Amino acid sequence: MANKVLILVVLALFTVALVGCVTHTHIVGKGAPTNGKKVEQRQWYAVWGFVDINKVDTAKMAGDASDYTIKTRYNVIDAVVSWLLGGFSIYSRTVTVIK
C-alpha cells in the first residue's frame, strides 16, 4: 500500500514539474517592454484541440500596442483541469499578452 502511494506521489510531482516546460512565446514587433502590462485569458478546447470552445483574440488583448509578446502555456491549473475533464476531452491552456 505504501509503495503505491509513493509511486502516485512521485508521478504527481513529475507531472507538475513537466508542466512548466510547455510554453510557446511569440514576439510581435519589438516585443513587450520589460515591465509590460499582462492580460491573461484561459482558452478552452475539446476533442484534443480540434474544437475551440472559446476564441482568444490576442490582437484584441493587445489593444493598440504594436510591440507585444504572446505566451501560451500549460500551467498547473491547466493540468488539474485536464486531469479532471480530460475524460470528456475538455482541456485548457493559458494565453498571456504582455504589452
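Visitor: What makes the pair D52 and K55 a salt bridge?

Guide: A salt bridge is a side-chain nitrogen of Lys or Arg within 4 Å of a carboxyl oxygen of Asp or Glu. In D52 and K55 the closest N and O atoms are 3.1 Å apart, so the pair meets that definition. Please keep in mind that this is a predicted model, in which local features need pLDDT of at least 70 and side-chain atom pairs count only at pLDDT 80 or more, while totals for chains, interfaces and linings use all residues. Residues are numbered from 1 along each chain as its sequence is written, and side-chain values use heavy atoms, with hydrogens and water left out.

Visitor: Why is K55 called exposed?

Guide: The relative accessible area of K55 is 68%, and exposed means over 50%, buried under 20%, and partly exposed in between (1.4 Å probe, protein chains only). K55 is therefore exposed, whereas D52, with 37%, is partly exposed.

Visitor: How many salt bridges are there in the whole structure?

Guide: A search of the whole structure finds three. One of them joins the side chains of E40 and R73 at 3.3 Å, N to O. E40 lies in strand β2 (residues 38–46) and R73 in strand β4 (residues 68–73), so this pair ties together parts that are 33 residues apart in sequence. Helices (H or I, at least four residues) and strands (E, at least two) are DSSP runs, numbered from the N terminus.

Visitor: Which residues make up the largest nonpolar core?

Guide: The seven residues are V56, M61, A62, Y68, I70, V95 and V97. The name is used because a nonpolar core is a set of buried Ala, Val, Leu, Ile, Met, Phe, Trp, Tyr and Cys residues joined through side-chain atoms within 4.5 Å. At least two residues of this core come from each of α2 (58–62), β4 and β5 (90–98). In soluble globular proteins, nonpolar side chains tend to be buried together.
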